[in-house]
Amino acid sequence: MRINGQQYRTIWLTDSTDVDDITDIKIKSVSIIDQTKLPHRFVVTQINMLDQMVVAIKTMQVRGAPLIGAAAAYGMALAVQQDGSDASLESAATHLIHSRPTAINLRWAVQRMLDVLQPLPVARRNEAAWFEAAVICNEDVELNRMIGAHGLHLIAPLAAQQSRAINILTHCNAGWLATVDFGTALAPIYAAHDAGIAVHVWVDETRPRNQGASLTAWELAQHGVPHTVISDNAGGHLMQKGAVDMVIVGADCVTLTGDVCNKIGTYLKALAAFDQNVPFYAAVPSPTIDWSIEDGVKSIEIEERDAREVAWMTGRLASGEIAEINILPPGTKVANPAFDVTPARLVTGIITEQGIYAPHELNAMQR
Ligand code: MRU
């Protein structure tokens, strides 16, 4: 992704730092784009230890299922750098897995790191951990690039029939910022835009944390893709008016049967899309699929986040100062489920790196 004309990924290895001239011990650290500061400030933060990575995931400095997976892999590498013992590996895995419960990519990445590291002698674990985390990141980039290429085949034929821009509605942020690069839901949109197809994106603001308004709008603007931010409640109305050609969302977990767990509010968009015959797609790399779950509503753990996210909003004041304001009467009770599950019957298709599948055909994917 390009930010102010410069090429970035959302997470990268920072050059080794000499900490001891005599023994020539070098430590590695990881750089992330702090997403809690966007869109008002672009801040790169350096993560040196496992605990910092756990905090970065919990506080959503890094977020989005594929990026959480990549961050967890680097978290494991940071832990091994501190202490490569079995006990350290197990403790790091537990801390990381509990940092955010819903995105399956996190558990997937931690397990993959354990599978690689546990059979090795302690002395070889450090190098192997950094290597494997980098492989996970590179794979994520390639999976998302392929999602873009497949998703383009949904947009291009529509565009060929129209003399206007194709209107795509998306929810939350499933773009570059939610992955290592390219994004999932936004990958087909970037591919279409780069192929010269006119696309316009309806961006749900995505309360309570406003990932759509603050992150999706920011990254679409960086790429020059036309877009309009709408309140979360506007999507159904726009579909009724014929102003939405398709919906594409990302996912934090998809079941074997094609149920799609994504940011809270996705289900309502799918219901409206179904009622209005608007195609509803989830764009999903294979590490987001939980092959062990059939019923997403019953089985996927839905993260309950802090009430503060609903009660308080962050923004820039007219003075330019970034401030938090409370929008609720004092003492008001708040519930804050972070995700919901859209049943497969409302999903037109799942765009994966292997192609586009009807939800009930997902099982045919290579694992
Ligand atoms: O709570 P978040 O911001 O991590 O939720 C992110 C989403 O719901 C995304 O849509 C999902 O992770 C897919 S990201 C490619």
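This is a predicted model: local features need pLDDT of at least 70, side-chain atom pairs count only at pLDDT 80 or more; totals for chains, interfaces and linings use all residues.
Close-up 1. You can find Asn167 in strand β6, which covers residues 166-170. Which side chain does the side chain of Asn167 meet in a polar contact? The partner is the side chain of His200, at 2.9 Å. Now look at the other surroundings of Asn167, leaving aside its neighbours within four places in sequence. Besides His200, Asn167 is in contact with Trp202, and also with Ala243, Val244, Asp245 and Met246.

Close-up 2. Helix α9 is made of residues 266-275. Which residues of α9 are buried? They are Thr266, Lys269, Ala270, Ala272 and Ala273. Seen down the axis of α9, these buried residues fall within an arc of 165°, so they line one face of the helix. Here is a handy rule for following such a pattern: an α-helix has 3.6 residues a turn, so residues three or four places apart point the same way. Just after α9 comes Asn277, with a positive phi of about 55°.

**Close-up 3. Where domain 1 meets domain 2.** The protein is divided into two parts, domain 1 (2-139) and domain 2 (145-366). Their C-alpha centres lie 26 Å apart. How many residues of each domain take part in the contacts? On one side there are 32 residues of domain 1, and on the other 35 residues of domain 2. The size of an interface is often given as the accessible area lost when the parts come together. Between domain 1 and domain 2, the buried area is about 2,700 Å², and carbon and sulfur atoms give 58% of this area.

**Close-up 4. Polar links across the domain interface.** What joins the two domains here, beyond contacts in general? Across the interface of domain 1 and domain 2 there are 13 residue pairs in polar contact, counting pairs with both residues at pLDDT 80 or more. On the side of domain 1 that touches domain 2, the elements giving two or more residues are β1 (2-3), α2 (65-82) and α4 (104-117). One salt bridge is also found across this interface. To see a salt bridge in detail, look for Arg100 and Glu303: their closest N and O atoms are 3.0 Å apart.

Key
Residues are numbered from 1 along each chain as its sequence is written. Side-chain values use heavy atoms; hydrogens and water are left out. Helices (H or I, at least four residues) and strands (E, at least two) are DSSP runs, numbered from the N terminus. A polar contact is a pair of N or O atoms within 3.5 Å; within protein, one must be able to donate a hydrogen and the other to accept it, and residues adjacent in sequence count only if both atoms are side-chain atoms. Contact means heavy atoms within 4.5 Å. Buried means under 20% relative accessible area, exposed over 50%, partly exposed in between (1.4 Å probe, protein chains only). The arc is that of the directions from the helix axis to the C-beta atoms. Domain bounds come from an automatic or database domain assignment. Buried area is the accessible area (1.4 Å probe) that two parts lose on being put together, summed over both. A salt bridge is a side-chain nitrogen of Lys or Arg within 4 Å of a carboxyl oxygen of Asp or Glu.
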